[in-house]
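Look at the sequence and the 3D view below. Then read on.

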Amino acid sequence: MTHACTRLRRGAVTATVVAALMAAAAGGTACGTTATVPGPTVPGPTVSGPAAAGVTDAAESPSPSGSATGGVRTLTPAVTGRLDAAVRQVMREADVPGVTVGLWTHGQGTYVRSFGVADRSDGREMSPDLYTRIGSETKTFTVTALLKLVDEGRVGLDDPIGGYVAGVPGGDGITLRELAGMRSGLFNYTEDPDFFKALTSDPQRPFTPRQLLDYAFRHPVLSPPGREFSYCNTNLILLGLVVEKAGGMPAADYIRENVLAPAGMHHTLFPAGAAFPAPHAQGYTDQTASGAVEETAGWNPSWAWTAGAMISDLDDLRTWARTVATGVLPDGTALIGPATQKQRLATLPTTVPGAGYGLGIFDVRGWIGHNGSLPGYESLTVYLPSAQATLVVLLNTDISHDGAEPSTLFGEAITQIVSPGHVFDLPAQPAAR
């Protein structure tokens, strides 16, 4: 799933890369050891939970590879050993400093592990308790806020954006539904060369929503609204302004009060400027003015605003995966009404086979959710309803490997093992390009 500053890649596929990684992982190192390869050493995993083997709440499967229920294999020691090897192999191949993987199933086990380092300068280990920048996963919160307003009768999905925000090219013919579904036809401001230059020349500078829209609106529309899927961050900046106007408060406040608080997500937030709660990992990107790798923890994410500026952690994203996919809060009450949630999940085809996009959410071969990326960080939060399984992947780099997103490599490698009938394989472009 593509992310906060990007659109979908031009149909590039990572299956060949992952096939090679999985072949190597089949003979990978034993669980809990340190793998030594040419180049940097990948530290062994930091394990969360009572079982060093990485499996909890699951009976042993008679099959060494784990039996499958609801499309997900039981997380036996054999299966978790394969996961360890696959994660390490992706790390080595893609030169990922650190990654945390959380996989929760319904009665078939839990796998929560961190690998590698959070900061290369001091060797501090990656761990499951770190805050992280979640990039385009922010879109799921912004669209949820919009859908709350729909349920309250304060906006309509088929309202034209021109009724809320002035100056949108063709705004009287572009609906809020088309914005949320990535079918507005508007130009993506993060594709503007002047924007990229402004961001990378001064990564600490603040941007306003209007400044971001100005980068987009200087370009002609790409297509008539409703005709084509085109991943576009401009859409979510506009929806953020709609949330503010209809909700009567800043978008960050509306999302906190009406989405995060009901879900009990107390470690998820919109940062003020470059603020980044501790503890967090250092981020590493090559999306810089010189093309050299730089550290990004102090970069100001205001340029992504309601398209990608939010911060969260592993536990909150575990909660969010099921909540956003079902519309139901952890206490069993509805966050979004069933009729509105049904519209959210009405996914239309995209440019990637096997992937559909609804209202601010993907369905990739049954996994529902979103990924996120912005310079230095990537994330993936998805839910598989058929198995009541949740997968969250958090890493501290967005540097692509042979044209593939590292988050996609992890997602595909993990799901090849645990849900071979539902393999997450959505390619995406680097952030801010």
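How many contacts beyond four places in sequence does the model have for residues 429–433? This is a predicted model, in which local features need pLDDT of at least 70 and side-chain atom pairs count only at pLDDT 80 or more, while totals for chains, interfaces and linings use all residues. Residues are numbered from 1 along each chain as its sequence is written, and side-chain values use heavy atoms, without hydrogens and water.

The model has 36 such contacts. A contact means heavy atoms within 4.5 Å. pLDDT is the predictor's confidence in each residue, from 0 to 100. The chain averages 87, and 82% of the residues score at least 70.

| Stretch | pLDDT | Contacts in the model |
|---|---|---|
| Residues 46–64 | below 50 | 48, beyond near neighbours in sequence |
| Residues 429–433 | under 50 | 36, beyond four places in sequence |

Where pLDDT is low, the predicted coordinates should not be read in detail.

Now the helices, which are DSSP runs (H or I, at least four residues), numbered from the N terminus. Helix α3 (residues 138–151) packs against helix α8 (residues 251–263). Their axes, lines fitted to C-alpha atoms over the stretch in contact, lie 10 Å apart at about 85 degrees. So α3 is roughly perpendicular to α8 (65 to 115 degrees). Phe141 and Leu149 are among the α3 residues in contact, and Tyr254 and Ile255 are among those of α8.

Helix α5 spans residues 193–201. Its buried residues (under 20% relative accessible area, 1.4 Å probe, protein chains only) are Phe195, Ala198, Leu199 and Thr200. Their cover includes α6 (209–217). Asp192 caps the N-terminal end of α5, with a side-chain oxygen 2.8 Å from the backbone nitrogen of Asp194.

Definitions and conventions
Buried means under 20% relative accessible area, exposed over 50%, partly exposed in between (1.4 Å probe, protein chains only). Helices (H or I, at least four residues) and strands (E, at least two) are DSSP runs, numbered from the N terminus. A polar contact is a pair of N or O atoms within 3.5 Å; within protein, one must be able to donate a hydrogen and the other to accept it, and residues adjacent in sequence count only if both atoms are side-chain atoms. Axes are lines fitted to C-alpha atoms, for helices over the stretch in contact, and angles run from 0 to 180 degrees between N-to-C directions. Angles under 35 degrees count as roughly parallel, over 145 as roughly antiparallel, 65 to 115 as roughly perpendicular and the rest as oblique.
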